[in-house]
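Open the model in your viewer and keep the selection panel at hand. The tour below goes from one selection to the next.

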Amino acid sequence: MNISIRKLTPDLLHDWLSYFDHDAFTDNDDWCGCYCMCYHWNSELQKMKAWNCDRDCAQFNREQAIQLIQNGRLQGYLAYDQDKVVGWCNANEKSAYDNVNFNFKEAVPDQGERIKSVVCFSVAPDYRGMGIATQLLEHVCAMAKGEGYEIVEAYPFAHNENHAYHGPTAMYEKAGFVPCEKIDGCVVYRKKL
């Protein structure tokens, strides 16, 4: 299988939406409405709608995600098998994430470095276990280095590998990340570029 990886741009919005609308969570109704909004959930959005990852909130999350992609706030990388999106990694400047309940900015005090955060992976059920998340992570690191970032930071769960949308700790360790702090059940992993 030849996987290609592309940076999400507004031109690829249709591909991204098709993936989240039809493929990302065919095996998990609890997450089918997330549209990768969790870590962009700020107090302004909270006033508009209570956070919920189920179908009741899907249309709201979808509309918000479209706006964030169009204005460049929601960024990341799409993994393609030919012309079909089979995976996604939400990765952006650390300061782009506003979650009011899980604040990455407070996890490890920054020393003025440029930090790219990796907050979420999604791989289509039929493509899991094939190394797609690893390829996405490697691509994020290579692109971050080329863009002048000094650190890539990630937040995998410390003990729940079955709930691994942050990516498994073993994947980060294999890629040269080191643990440096704990926050809300997650371990903050960093890789210096």
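**Stop one: helix α1**

Select residues 13-23, helix α1; its buried residues are L13, W16, L17, Y19, F20 and D23. Buried means under 20% relative accessible area, exposed over 50%, and partly exposed in between (1.4 Å probe, protein chains only). Helices (H or I, at least four residues) and strands (E, at least two) are DSSP runs, numbered from the N terminus. This is a predicted model: local features need pLDDT of at least 70, side-chain atom pairs count only at pLDDT 80 or more, and totals for chains, interfaces and linings use all residues. Residues are numbered from 1 along each chain as its sequence is written, and side-chain values use heavy atoms, with hydrogens and water left out.

Over the buried residues of α1 lie, among others, α3 (58-70), β2 (76-81), β3 (84-93) and β4 (115-123).

**Stop two: the whole chain**

Zoom out. The protein chain has six helices and seven strands. From the N terminus, the order is β-α-α-α-β-β-α-β-α-β-α-β-β. Of its 193 residues, 50% count as buried. Take contacts (heavy atoms within 4.5 Å) between residues at least 6 apart in sequence: 66% of them join residues at least 24 apart.

**Stop three: the core**

Select W16, F20, L74, W88, V118, F121 and Y172; of the 65 residues in the largest nonpolar core, these touch the most other members. Helix α5 gives this core its largest share, seven residues. A nonpolar core is a set of buried Ala, Val, Leu, Ile, Met, Phe, Trp, Tyr and Cys residues joined through side-chain atoms within 4.5 Å.

Centre on F121. Which residues is F121 in contact with, leaving aside its neighbours within four places in sequence? They are W88, C89, A133, L136, L137, Y165, H166, G167, M171 and Y172.

**Stop four: helix α5**

Select residues 132-146, helix α5. It has 15 residues and reaches 21 Å from first C-alpha to last, close to the 21 Å expected at 1.5 Å a residue. That expected span is 1.5 Å times one less than the number of residues. Colour the buried residues of α5: I132, A133, L136, L137, V140, C141 and A144.

Next, pick T134, also in α5. Why does T134 count as partly exposed? Because its relative accessibility is 34%.

Finish at G148, which follows α5 and has a positive phi, near 90°.
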